[in-house]
Amino acid sequence: MHSTDTTHPTDTTHPTDTPGIRLVVLDMAGTTVADGGLVEQAFAAAAAALGVEPGSPDHADKLAYVRATMGESKISVFRHLFGAEEAAQRANAAFEKAYGELVDGGLVAPVPGAREAIEDLRADGRTVVLSTGFARVTQDAILGALGWRGLVPLTLCPADAGGRGRPYPDMVLTAFLRTGAADSVRQVAVAGDTTYDMLSGVRAGAGLVAGVLTGAHGRSDLSAAGATHVLPSVAALPALLRGDGGAG
């Protein structure tokens, strides 16, 4: 049987070439949530808990890795940095505690237009899921601080998808399976600010993988990682999916 799918996943000039999108999986920090670099501040606390001296070459190397892997499950990052599982878990606990305290201190805000974009997507009949590389306790703290509890029907962290976060496709596929909102993965859109967001969308087979320029990575990196579209921010996504907006 010959496929009738005429989509061109790497073509950014024909935004209506993808099939009707029914499920939208959105990243949080850097995409829908502005955290003002809190990841790096919380990492400093995690590094200190493991005895990494501030200002040392070791600290600089580890911070560079954290920056390069924005979007990845944080426990996976700490496993790479500290090796032993016990040390990784201690670092992750210190990170989550520090990040949660910063969130509780009012240092997170919605990306301008993000809440309105989510509401517009839902008003258009699409199901929206929020996903993150943070642990559930941190994700819940962010949602609470923003007043976003109940904004979407499902929120996901790596533990909800069997423990594997980005760049694996597991959270996108979990959203697909748990919502039942789409008949095919080609009816799924993924949006995020990191190369790992793009890779997870591509690996899940999503029909649209949109990079946004409000977070960690720039246009060239997002495109190289498989973005079908690059947008100035998530605020442009509803228009794109309606077919009256293009790539930024």
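The following exercises, each with a worked solution, concern the predicted model shown above.

Residues are numbered from 1 along each chain as its sequence is written, and side-chain values use heavy atoms, with hydrogens and water left out. In this predicted model, local features need pLDDT of at least 70, side-chain atom pairs count only at pLDDT 80 or more, and totals for chains, interfaces and linings use all residues.

**Exercise 1. Confidence**

Task: State what pLDDT the protein averages, and where pLDDT stays under 50.

Solution. pLDDT is the predictor's confidence in each residue, from 0 to 100. The average for the protein is 88, and 91% of the residues score at least 70. Over residues 1–17 the value stays under 50. For that stretch the model has 19 contacts beyond four places in sequence, where contact means heavy atoms within 4.5 Å.

**Exercise 2. Packing of H2 and H3**

Task: Describe how H2 and H3 pack, and which residues meet.

Solution. Axes are lines fitted to C-alpha atoms, for helices over the stretch in contact, and angles run from 0 to 180 degrees between N-to-C directions. H2 (residues 57–68) and H3 (residues 74–82) pack at about 150°, their axes being 11 Å apart. H2 is therefore roughly antiparallel to H3; angles under 35 degrees count as roughly parallel, over 145 as roughly antiparallel, 65 to 115 as roughly perpendicular and the rest as oblique. Their crossing is right-handed, a crossing being left-handed if the near helix is turned anticlockwise from the far one by less than a right angle, and right-handed if clockwise.

From H2, Lys-62, Tyr-65 and Val-66 meet Val-77, His-80, Leu-81 and Phe-82 in H3. By class, this contact of H2 with H3 has five nonpolar, one polar and one charged residues. Ala, Val, Leu, Ile, Met, Phe, Trp, Tyr, Cys and Pro count as nonpolar, Asp, Glu, Lys and Arg as charged, and the others, Gly among them, as polar.

**Exercise 3. Two partners of H1**

Task: Describe the packing of H1 on H4 and on H2.

Solution. H1 (residues 38–49) and H4 (residues 85–104) pack at an angle of about 140°, with axes 8 Å apart; they are therefore oblique to each other. The crossing of H1 and H4 is right-handed. Among the contact residues are Phe-43 of H1 and Phe-95 of H4. The contact of H1 with H4 comprises 14 nonpolar, one polar and one charged residues.

H1 and H2 pack at about 140°, with their axes 11 Å apart, and are therefore oblique. H1 passes H2 in a right-handed crossing. The contact includes Glu-40 of H1 and Arg-67 of H2. Its residues divide into six nonpolar, one polar and three charged.

**Exercise 4. A peptide bond**

Task: Identify which residues a cis peptide bond joins.

Solution. Most peptide bonds are trans. Here, a cis peptide bond joins Arg-166 and Pro-167, with omega about 10°. Pro-167 is placed in the loop between S5 and helix H7 (170–179).

Key
Helices (H or I, at least four residues) and strands (E, at least two) are DSSP runs, numbered from the N terminus.
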